[in-house]
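Please examine the sequence and the three-dimensional structure shown here.

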Amino acid sequence: VAYIEVDRYSFGGRAPWVSSGGRLHFTDIDGAGRSGRRLTFIVGMDAGRFPDVTFTDALLGDAERRRLARADELPALPTVGERIEERRYALAAALARLRGLVTVSYAAWNAADGRSVAPSAELLQAFRLKTGDPAADYDQMQAALAPHASAVPRSAQLDASDTWLHSLDDNGV
């Protein structure tokens, strides 16, 4: 259970963004490593979430961004590719600031779509650095990872359908 102190600020206590010992400290990429914690968990490193490839602007595409910059002699608005590179750089800077044990994870299942999710390329790169194998691939990384964890145990039977399917199960088939 996470305890986050946010209401002390309104009562004259410390600001809610101050990291205090014995508590979980949540932050974004830009704040990572600044609290000096010895244990860090980085979540959301699946391919659909990092780098966030949904940066495409429906109203102002990359071609329009470049055209506006030339026409108005303004600094160019960053393109999708440039914003992705900025996110990758921010992650690399955050990782460089971290000390101690770092655990990186990703959501392996998208319940809304009912499909498995791939880890990001950055997670594969972290695996390559940890193992010292620059040629390691996703299959090798998956084999080395612990079994997927879930808030619902694999043996849980949540309703009558689960009970029925469990009774038909023959070693996963």
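Predicted model: local features only at pLDDT ≥ 70, side-chain atom pairs only at ≥ 80, totals over all residues.

Residues are numbered from 1 along each chain as its sequence is written, and side-chain values use heavy atoms, with hydrogens and water left out.

**Largest pocket**
- The largest pocket has a volume of about 940 Å³ (a pocket is an open set of points on a 1 Å grid over the protein atoms alone, where a 1.4 Å probe fits, with protein on both sides within 12 Å along at least five of seven lines; a volume is the space filled by probe spheres set on the points, which are joined across faces, edges and corners).
- It is lined by 29 residues, of which V104, S105, Y106, L123 and L145 are the closest to its centre (lining residues have an atom within 4 Å of a point).
- Two or more lining residues come from each of α2 (80–97), β2 (101–104), α3 (121–131) and α4 (138–144) (helices are DSSP runs of H or I with at least four residues, strands runs of E with at least two, numbered from the N terminus).
- The largest share of this lining, eight residues, belongs to α3.

**Second largest pocket**
- The second largest pocket holds about 770 Å³ of space.
- Among its 29 lining residues, H25, T27, T40, F41 and I42 are the closest to the centre.
- β1 (39–42) and α2 are the elements that give two or more residues to this lining.

**Cis peptide bond**
- F50 and P51 are joined by a cis peptide bond, with omega about -10 degrees.
- P51 lies in the loop between β1 and α1 (62–72).
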